[in-house]
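Hi,

Here is the structure I promised to pass on. Please have it open while you read my notes.

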Amino acid sequence: MVTKKVWAKEPRPDFCLVRVPSYLGKKYSMVLFGKCNFRCKFCFEKGDKADEKGVLPDARLMDFSELEEFVRREASAGKPIKITGGEPSLYPDETIQLIKIAKSQNVFTQVDVNGSLPDVCEELAKYVDSIGLDIKGNEKNIEYLTGVNKKISLDAPLETLHRAEKFPCFVEFKTVMFDFTDIDHLEWLYSHLPKKAFWELKQYRPHEGVERTPKQIDLRPASKEQILHLMDEMCRRHPDLEDRMVAIIGSAKDYRNYYCPGGKNLLEKFLGVGNIQ
């Protein structure tokens, strides 16, 4: 049942680039739900500072109709819609309602989830064009990175990832790259990766809040050279990744920072277009 009030952040028009090859060159307008069940140390929305109810900083209790109107307005202008957070799977009915509004205007839709609620994620995948998934760590560091127990932060997301092979939508798999990320970790992720998934290696970029939190200064980004080397090595070992892998070095808001195996730009590889923003 759709609720009248939801925790959310201010919606962001034309905010982030689409990474799905068929829709390159477009920007998502973005809905951000304001609650999360993780406490990730590297969260761009400062999820590590969520209160005891999981409400993120800068979120407010918002009339759901505001989000409906935002999606209706942006979708009617032909803008792709991304629903993220926070954690959209905590608001399944509301998320599906927003997707339906967007799809009534025939625009591309994506939902980003942390995978902690496999049944909900499987249901969302029936409505959306693309679902964004990730595994935020491994057996050794997952609780440290996410601030919650392994059952929620690793076991459940792995179950969602395994189910994703049969999802009827596109699957975008994202891996945040730290200086300690190595080939063994990527090999382990590959062993769980759906064969249909597009894999994105995204350089960790500390936001202002993270950089100034003493307990988090141990998190450092992988270098450009490290990320590109790891991507090329994974593609050498697994040629099936050649056309479904990309590295993002620096700002994700500029396509010039998107690299495919062998050093090609994402737009150049898939669209034949040179390095443009």
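Below is what I found, starting with how the values were made.

This is a predicted model, in which local features need pLDDT of at least 70 and side-chain atom pairs count only at pLDDT 80 or more, while totals for chains, interfaces and linings use all residues. Residues are numbered from 1 along each chain as its sequence is written, and side-chain values use heavy atoms, with hydrogens and water left out.

Let me begin with a helix pair. Helices (H or I, at least four residues) and strands (E, at least two) are DSSP runs, numbered from the N terminus. The axes of α1 (residues 64-76) and α2 (residues 92-103) come within 9 Å and cross at roughly 25°; axes are lines fitted to C-alpha atoms, for helices over the stretch in contact, and angles run from 0 to 180 degrees between N-to-C directions. The two helices are therefore roughly parallel (angles under 35 degrees; over 145 is roughly antiparallel, 65 to 115 roughly perpendicular and the rest oblique). On the α1 side, the contact (heavy atoms within 4.5 Å) is made by Phe-64, Leu-67, Glu-68, Val-71, Arg-72 and Ala-75, and α2 brings Glu-94, Gln-97, Leu-98, Ile-101 and Ala-102.

Next, helix α6 (residues 183-192): Ile-183, His-185, Leu-186, Leu-189, Tyr-190 and His-192 are buried there (under 20% relative accessible area; exposed is over 50% and partly exposed in between, with a 1.4 Å probe and protein chains only). These buried residues pack against α5 (150-163), β8 (170-177), β9 (198-203) and α8 (224-237).

The whole structure has 10 aromatic pairs, meaning rings of Phe, Tyr and Trp (its six-membered ring) with centres within 6.5 Å; planes under 30 degrees apart count as stacked, over 60 as edge-to-face and the rest as tilted. Phe-198 and Phe-270 are edge-to-face, because their ring planes stand at 65°, with centres 6.2 Å apart. Although 72 residues separate them, this pair links Phe-198 in strand β9 to Phe-270 in helix α9 (residues 266-271). Phe-198 is buried at 3% relative accessibility, whereas Phe-270 is partly exposed at 27%.

Finally, some backbone details. Most residues other than glycine have a negative phi, and most peptide bonds are trans. Gly-85 and Gly-86 are joined by a cis peptide bond, with omega about 10°. Asn-106 has a positive phi, near 60°; this residue sits in the loop between α2 and β6 (109-112) and is exposed at 71% relative accessibility.

Best wishes
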